[in-house]
Amino acid sequence: FLGRLLLPASAHTRTRIARSRSSAEMEGDAAGAGAGDGGGGDRSSFVIGLIENRAKEVGVAAFDLRSASLHLSQYIETSCSYHNTKTLLHFYDPMVVIVPPNKTAADGMVGVSELVGKHLPANKKITMARGCFDDTKGAVMVKNLSARDPSALGLDTYCKQYYLCLAAASATIKWIESEKGIIITNHSLSVTFNGSFDHMNIDSTSVQTLEIIDPLHTELWGTSNKKKSLFQMLKTTKTTGGTRLLRANLLQPLKDIQTINTRLDCLDELMSNEELFFGLTQGLRKFPKESDKVLCHFCFKPKMVTDEVLKPASGRKSRMLISDIIVLKTALDAIPFLSKVLKGAKSFLLCNIYQTICENSKYASMRKRIGDVVDEDVVHSRAPFVSCTQQCFAIKAGIDGLLDVARRSFCDTSEAIHNLANKYREDFKLPNLKIPYNNRLGFYFIVPQKDITERLPNKFIQVVRHGKNVHCSSLELASLNVRNKSAAAECFLRTELCLEGLINEIREDIGILTLLAEVLCLLDMLVNSFAFTISTKPVDRYTRPEFTDDGPMAINAGRHPILESLHNNFVPNNLFLSEASNMVLVMGPNMSGKSTYLQQICLIVILAQIGCYVPAQFASLRVVDRIFTRIGTGDNVENNSSTFMTEMKETAFIMQNVSSKYYGSTMLQ
C-alpha cells in the first residue's frame, strides 16, 4: 500500500513504491552523474518509446534515467489529433522519443512518427528499425529488470494484453544501453503498468490556462510583485526529486480516495504536531540535495572499462563514482536521525515509512560495509576543492599503498600552491590576493582592482577583468596545477579500483536504495511543500477537503490559491453542484472575476486530489477524472482559425470527450 501513496495514479496501479516523474535536470550520462548541482534545471531525463497498431492502440514506454524507473502505458487513441499521446508527451517532456520508421496507424491517422516530428524538435526524434520493437524480448527484459517479482507485478496477465508497450520497452532499453554505454542491473528498476489513464487527465491547454506550471502574461507583472503559478507557489521542496514528484502530481493528480486520504491524514499529524514537523524538516536537510539521483545511479554500470576512461588526465567518471559513494554514505548516516523523528508517528503513511526504511536492517548492514572501506570523516561537500580533497581521501589509509603515495603528492602540491600565494602577497604587496579553485581551471589568483596601483607585475599571465576583481595566473602556478591535477587523477583512479568490490555488493541490494530515494521524494513533497505552505498561511485559511463517491460538489468561501497571496481584499466564492443542479453559468462585465472564479474551482480540485489542504472554509468533492477549460480569447494563425473558430473547435473537443463522470470548467466568451 505504501507504493500507491507516492503515485499520481489510482489504486490498481501495481508498483512497489512511487516514482518521482517530472522533467528535471540530468547531468552527464546515466552511468554516473555524481555531485551535480541538482538545482532543478529544465533538462529532461526521460527516454520514450512509441508504437501503434491499426486498431488505434498506442504503446508507450517511458524510461526515467534519473530515478531508474520504467513506466508502461497502452491505450486507445480516441481522436485523430492524438490528444492522449500529446498529453503524455507534454507530461514527460522527453529528451528523446524513439519511433519505428514506417507508419503503422489506421487509415485517417497521421501516425506517431509524423506526430513526433511535427510537435518536437528534430534532434529529439530517433528512428529505430521495426525489428527492435519486439514485444517478446520486451517482456523478458521487463521480467529480468523489474525490482518486483514478475508474478507480483502481474506481468503474466499483462503480457498479451499490453504487447505494444512491451515492444516499446524493448526498443527503449536497447537504445539506452547502446547510446549510454551502460548495462542496467537486474532487479533494479521500478516498473509500473498503466493500461489506461488511471489518473486525472489534464490536457496541455488546460495546464496553460489554469497556470498550473507556468504563469500567463508574466511580462505584465513587476519583478517585485510577480504572479506565480500553482507549481511555483508550492515549490518549496529541498531536493530535486521532491520538485519532480510535485510537478508530476500537479499534472496528473491522484484518483484513489484511499491514497488521497492517507496523505491528508499525514498532513493532519504534521500540522498538529510541531515537533514532528520541525524534526522531519531538520532530518531531510541531512540528506544531500541530489540523493535521489545518486541512489538510483547504482542501477547502471558501464559495459566495459577502457583505457580511454582510465586515463589519469580524464578521471571524470572515476570522480563521479567516488562522489556517488560519499553521497550514499551521507544519506545512510542520516537514517538514524530520521528513525528517531518518525518513531512516535501515528499516521499510517509515516508509520509505514518507519517500518520500511528505519527498521530495515539492510541499511545498517550496507552502512557498515561502506564504513569498512570509506573513512568515517568523509562527508559530502559542494565546495569544489573540499569535494576534491574528500574524494582523494575517501578510502581509509593503508588499504592501497599507491593511493597513499598519490595522496602525499596531492597534499604537497596543494601546500606548495598556498605557499606560492603567500609569497606573492609579500613580494608584490597584494594583501588581498586570493587563491580560489574550480574543477575546470584548478587554482587561480583573484586580485581586487583597488590593490593594483598601476599594473600587475609581469609574473602574472592570463589576466582577465571580472567586475571589481582581476583573475590571473602565473607560470609557477600553472606548473603546480598540472602536478596537482595529475596527483588527484591518480587518487581517483586508485580509489575507484578499491571501491569495485564494494560497489558490486551495493548493487546486490539496489532495491533498498531506490526505495529510499522514492521515500525521500515523498517526504520532501509532503513536509517541505504541502505542510510548509499551509504553515505560512493564517490559521484556518486552509482546510482538509472531504471526498464522497456520489455526493455534491460543495465549496464554501473558496479562494484562488495564487491570487489571494497578491491581494489582501480577495473576495471568497461559493460553489454547489449536484445531480439536480450540475451546471453553473457565470455572467458579469469585463474584469469582474469570471476567469478567476473558474480557475479557482479547478485549482482547488487539483490541490485536493494531490493530497493537500485547500483554500476554503469547507470543501466536499467527488473524484474528478478529467478537467476541461476554455478561458480567454485568441485566434490561431498557424491553423488559419479565427477566435470564434478556435472556440468552436475546443468546445467540440470537450463535448466529444466529456462524460457523466467528468466535471467540466468551461468559459465561452
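## Around threonine 209

Leaving out residues up to four places away in sequence, threonine 209 touches Leu216, Gln599, Thr629 and Ile631, where contact means heavy atoms within 4.5 Å. Threonine 209 sits in helix H7 (residues 204-209); helices here are DSSP runs of H or I with at least four residues, strands are runs of E with at least two, and both are numbered from the N terminus. With 12% relative accessibility, threonine 209 counts as buried (buried is under 20% relative accessible area, exposed is over 50%, and partly exposed is in between, using a 1.4 Å probe and protein chains only). Serine 595 is 386 residues away from threonine 209 in sequence, yet 9.6 Å away in space, C-alpha to C-alpha.

A quick word on the source: this is a predicted model, where local features need pLDDT of at least 70 and side-chain atom pairs count only at pLDDT 80 or more, while totals for chains, interfaces and linings use all residues. Residues are numbered from 1 along each chain as its sequence is written, and side-chain values use heavy atoms, with hydrogens and water left out.

## The chain as a whole

The chain has 21 helices and 19 strands. Of its 669 residues, 56% count as buried. Take the contacts with a separation of 6 or more: 74% of them come from residues 24 or more positions apart.

The largest nonpolar core has 191 residues, and Leu50, Leu70, Leu72 and Phe445 have the most contacts inside it. Such a core is a set of buried Ala, Val, Leu, Ile, Met, Phe, Trp, Tyr and Cys residues joined through side-chain atoms within 4.5 Å. Helix H19 (residues 510-535) gives the most to this core, with 17 residues.

Phe445 also belongs to strand S12 (residues 445-448), where Phe445 and Val447 point one way, Ile446 and Pro448 point the other, and all are buried. In a regular strand the side chains alternate between the two faces of the sheet. S12 pairs with strand S14 (residues 469-474) in the antiparallel sense over four bridges; pairing needs at least two DSSP bridges between the strands. Valine 447 stands opposite valine 470 in S14.

## Rings

There are 13 aromatic pairs, counting rings of Phe, Tyr and Trp (its six-membered ring) with centres within 6.5 Å; planes under 30 degrees apart are stacked, over 60 edge-to-face, and the rest tilted. Phenylalanine 385 and phenylalanine 410 make a stacked pair, at 6.1 Å centre to centre and 25° between the planes. Phenylalanine 385 lies in helix H16 (residues 384-392) and phenylalanine 410 in helix H17 (residues 401-427), so the pair ties together parts 25 residues apart in sequence. Phenylalanine 385 is partly exposed at 23% relative accessibility, whereas phenylalanine 410 is buried at 2%. Ring pairs link Phe385, Phe410, Tyr437 and Phe443 into a cluster.

## Two positive phi values

Most residues other than glycine have a negative phi. Glutamate 211, not a glycine, has a positive phi of about 55°. Glutamate 211 is in the loop between H7 and helix H8 (230-234) and is buried, with a relative accessible area of 1%.

Glutamine 462 likewise has a positive phi of about 55° without being a glycine. This one lies in strand S13 (residues 460-466), and glutamine 462 counts as exposed at 61% relative accessibility.
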